[in-house]
Amino acid sequence: MFLSIIINARAGEIMYKDKIILTPKEILEKEFKIDARGYRMQEVDKFLDLIIGDYNEFISTIDRLEEEKEQLLNDIMRLKQEIRNVKTNLEVVKGKGEREVTNVDIMRRISQLEKYVYGIKNDE
């Protein structure tokens with residue numbers, strides 16, 4: 001499961017499609033309206049909630065990708081070992097197969113010839 005990543009070339013930002021609402025540039029450039037007593041607390045709280053949501057999404061995405069990476073690395077190691085085993089077995093079969101098949105074939109031919117030769121001499 002790979003994430004779709006959109007690259008915004010203008011700002012040089014990377015956003016995870018449909019998951020992350022804010023970009024670092026948006027956070028940096030966010031301006032709050034000032035009340036008589038300072039910033040509007042509700043507006044700041046809403047914005048900080050979005051930031052917290054983004055960070056939580058980043059953390060869960062990173063954790064999920066780390067787990068997936070570990071699983072994939074384990075699969076790669078297992079498959080590489082299987083390939084090594086198959087190659088080794090194939091070399092052994094090729095090497096032994098040629099010699100054994102040739103030897104077995106020769107022994108069968110000799111045996112058949114002996115039966116034929118001795119069988120004819122015994123019948124006469």
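This passage describes the fold, the model confidence and selected side-chain features of one protein chain.

The structure is a predicted model, in which local features require a pLDDT of at least 70 and side-chain atom pairs count only at pLDDT 80 or more, while totals for chains, interfaces and linings use all residues. Residues are numbered from 1 along each chain as its sequence is written, and side-chain values use heavy atoms, with hydrogens and water left out.

The protein chain contains two helices and four strands; helices (H or I, at least four residues) and strands (E, at least two) are DSSP runs, numbered from the N terminus. Read from the N terminus, the order of the elements is β-β-α-β-β-α. Helix H2 spans residues 41–123. Of the 124 residues of the chain, 10% count as buried, where buried means under 20% relative accessible area, exposed means over 50%, and partly exposed lies in between (1.4 Å probe, protein chains only). The accessible surface of the chain amounts to about 11300 Å², and carbon and sulfur atoms contribute 57% of this surface. Such areas come from the Shrake-Rupley method with a 1.4 Å probe, and for residues only the protein chains shown count as cover. Among contacts in the chain with a separation of 6 or more, 41% are accounted for by residues 24 or more positions apart; a contact means heavy atoms within 4.5 Å.

Confidence is expressed as pLDDT, the predictor's confidence in each residue, from 0 to 100. The mean pLDDT of the protein chain is 76, and 75% of its residues reach 70 or more. Among the elements, helix H2 has the highest mean pLDDT (82), whereas strand S1 (residues 5–8) has the lowest (41). Over residues 1–13 the pLDDT is below 50, and this stretch has 23 contacts in the model beyond near neighbours in sequence. Where pLDDT is low, the predicted coordinates should not be read in detail.

Side chains of opposite charge can pair when their charged atoms come close. Four salt bridges are found in a search of the whole structure, a salt bridge being a side-chain nitrogen of Lys or Arg within 4 Å of a carboxyl oxygen of Asp or Glu. One of them joins glutamate 43 to lysine 30, with the closest N and O atoms 3.8 Å apart. Glutamate 43 lies in helix H2 and lysine 30 in the loop between helix H1 (24–29) and strand S3 (34–35), so this pair ties together parts that are 13 residues apart in sequence. Both partners are partly exposed, glutamate 43 at 21% relative accessibility and lysine 30 at 32%.

Arginine 78 takes part in a salt bridge with aspartate 75, in which the closest N and O atoms are 3.8 Å apart. These two residues are separated by about one helical turn, because they stand three residues apart in helix H2. A salt bridge also links the side chains of arginine 78 and glutamate 82 (2.9 Å, N to O), two residues of helix H2 that are four residues apart, about one turn of the helix. Through shared partners, salt bridges join Asp75, Arg78 and Glu82 into one network. Its members are partly exposed, with relative accessibilities of 33% for aspartate 75, 43% for arginine 78 and 37% for glutamate 82.

One aromatic pair is found in the whole structure. Tyrosine 55 and phenylalanine 58 form this pair, which is edge-to-face, at 6.5 Å centre to centre and 75° between the planes. Rings of Phe, Tyr and Trp (its six-membered ring) pair if their centres lie within 6.5 Å; planes under 30 degrees apart count as stacked, over 60 as edge-to-face and the rest as tilted. Both tyrosine 55 and phenylalanine 58 belong to helix H2, three residues apart, about one turn of the helix. Phenylalanine 58 counts as partly exposed at 29% relative accessibility.
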